[in-house]
Amino acid sequence: MGWSQAAEDEESLKNYIAIDIGGTAIKYGLISSDGKVLERKSTPTGAELGGERSLAVNISAGRQWRS
């Protein structure tokens, strides 16, 4: 396998986390490098509990898919 093929294979293994912070819900998903949605989840924003709650939810989402 050549260097360019190895780099291509490595790129195909990358996934990304997308986060949508809305007024009532925080939606987040795992997206493949070719744009396919692999998994999606949603949780209440909890805006009445303050910004720390929203930050904690985002950190928790990222940790679920950490490799």
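Here is a quick briefing on the fold, surface and side-chain pairings of this protein chain.

This is a predicted model, where local features need pLDDT of at least 70, side-chain atom pairs count only at pLDDT 80 or more, and totals for chains, interfaces and linings use all residues. Residues are numbered from 1 along each chain as its sequence is written, and side-chain values use heavy atoms, with hydrogens and water left out. The elements run α-β-β-β-α from the N terminus on, and the structure holds two salt bridges.

**Fold and burial**

- The chain has two helices and three strands; these are DSSP runs numbered from the N terminus, with helices (H or I) of at least four residues and strands (E) of at least two.
- Of the 67 residues, 22% are buried, where buried means under 20% relative accessible area, exposed over 50%, and partly exposed in between (1.4 Å probe, protein chains only).
- Looking at contacts (heavy atoms within 4.5 Å), residues 24 or more positions apart supply 21% of those with a separation of 6 or more.

**Surface**

- Accessible surface for the chain comes to about 5100 Å², and carbon and sulfur atoms hold 53% of that; areas come from the Shrake-Rupley method with a 1.4 Å probe, and for residues only the protein chains shown count as cover.
- Ile 17, Ile 19 and Ile 21 make a nonpolar surface patch of about 260 Å².
- Patches take residues with over 30% relative accessible area and no salt bridge, joining like charges within 9 Å and nonpolar side chains (Val, Leu, Ile, Met, Phe, Trp, Tyr) within 5 Å.
- As for Ile 21, its place is in strand E1, residues 15-21.

**Salt bridges**

- A salt bridge here is a side-chain nitrogen of Lys or Arg within 4 Å of a carboxyl oxygen of Asp or Glu.
- Asp 34 and Lys 36 form one through their side chains, at 3.8 Å from N to O, and both residues are exposed.
- Glu 39 and Lys 41 form another, at 3.5 Å from N to O.
- Glu 39 counts as partly exposed because its relative accessibility is 32%, and Lys 41 counts as partly exposed at 32% too.

**Around Ser 32**

- Ser 32 sits in strand E2, residues 25-32, and is buried, with a relative accessible area of 10%.
- Its side chain makes a polar contact of 2.2 Å with that of Asp 34; the term covers a pair of N or O atoms within 3.5 Å, where within protein one must be able to donate a hydrogen and the other to accept it, and residues adjacent in sequence count only if both atoms are side-chain atoms.
- Setting aside neighbours within four places in sequence, Ser 32 is in contact with Lys 14, Asn 15, Tyr 16 and Leu 38.
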